Amino acid sequence: MLEIRWHSRAGQGAVTGAKGLGSVVAETGKEVQAFAFYGSAKRGASMTAYNRIDDKQIINHEKFMEPNFVFILDPALAFTDDFTANETKDTKYIITTHLSKEELIEAIPALHGREDRTFILDCLQISQETIGRPIPNTPMLGAFMKVSGMFELDYFQNAMKSVLKKLPQKIIDANMIAIERAYNEVH
């Protein structure tokens with residue numbers, strides 16, 4: 001089973017991103033869960049979202065997991081959340097930051113020894129420049145496609161167009177650009 005934990009602030013699109021990823025994966029015939037845990041339901045409050053993906057029925061409905069991937073959508077949460085909780089020796093971290101990887105790892109002791117499993121990009125800047133709003137969920141998914149190799153970029157973008165079909169075309173197009181930029185910029 002593949003497990004993903006999203007660290008975000010309410011309003012940054014983590015729940016929508018988890019559900020969007022779930023929708024894309026479900027179309028392939030896999031079993032999927034996408035859910036969230038809110039501390040305070042206020043916009044800007046710290047929250048977590050989760051995905052589980054498996055070939056067989058998922059009967060675990062608890063928030064506890066040993067994540068294969070951890071996404072940090074808000075840069076400050078890398079400094080405040082216990083994002084390495086229940087990690088495995090293979091857990092990969094994709095972190096939104098304006099810092100270089102070296103600066104980030106130096107500033108966050110929890111990342112020491114995890115350099116080869118830490119990936120960075122500035123999802124907030126990408127979303128602001130492409131979508132016009134600091135909602136980093138689709139850039140994070142673009143980065144995830146590159147790091148995980150789950151889907152080819154073109155396939156994922158086409159699948160996400162279907163997920164986003166209720167939005168205006170210019171917003172869908174902007175999200176496609178954000179996904180591609182993140183795919184190319186994550187390192």
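This report covers the salt bridges and the nonpolar cores of one predicted model.

Residues are numbered from 1 along each chain as its sequence is written, and side-chain values use heavy atoms, with hydrogens and water left out. Because the model is predicted, local features need pLDDT of at least 70 and side-chain atom pairs count only at pLDDT 80 or more, while totals for chains, interfaces and linings use all residues.

**Salt bridges**

Side chains of opposite charge can pair when their charged atoms come close. A salt bridge here is a side-chain nitrogen of Lys or Arg within 4 Å of a carboxyl oxygen of Asp or Glu. The structure holds nine of them.

| Pair | Distance, N to O |
|---|---|
| R9 and D74 | 3.4 Å |
| D55 and K30 | 2.5 Å |
| D54 and K56 | 3.7 Å |

Start with R9 and D74, whose side chains meet in a salt bridge. The pair links distant parts of the chain, 65 residues apart. R9 sits in strand β1 (residues 2-9), and D74 in the loop between β4 (69-72) and α2 (77-80). Helices (H or I, at least four residues) and strands (E, at least two) are DSSP runs, numbered from the N terminus.

Next come D55 and K30, also joined by a salt bridge. D55 lies in the loop between β3 (46-54) and β4, and K30 in the loop between α1 (14-26) and β2 (31-38), so the pair ties together parts that are 25 residues apart in sequence.

How open are these residues? Buried means under 20% relative accessible area, exposed over 50%, and partly exposed in between (1.4 Å probe, protein chains only). R9 is partly exposed at 23%, whereas D74 is buried at 11%. D55 is exposed at 59%, and K30 is partly exposed at 35%.

**Nonpolar cores**

In soluble globular proteins, nonpolar side chains tend to be buried together. A nonpolar core is a set of buried Ala, Val, Leu, Ile, Met, Phe, Trp, Tyr and Cys residues joined through side-chain atoms within 4.5 Å. The largest has 41 residues. W6, F71, I94, F144 and F156 have the most contacts inside it. Helix α7 (residues 169-185) gives the most to this core, with seven residues.

A second, separate core has twelve residues, among them V70, A78, I108 and L111.
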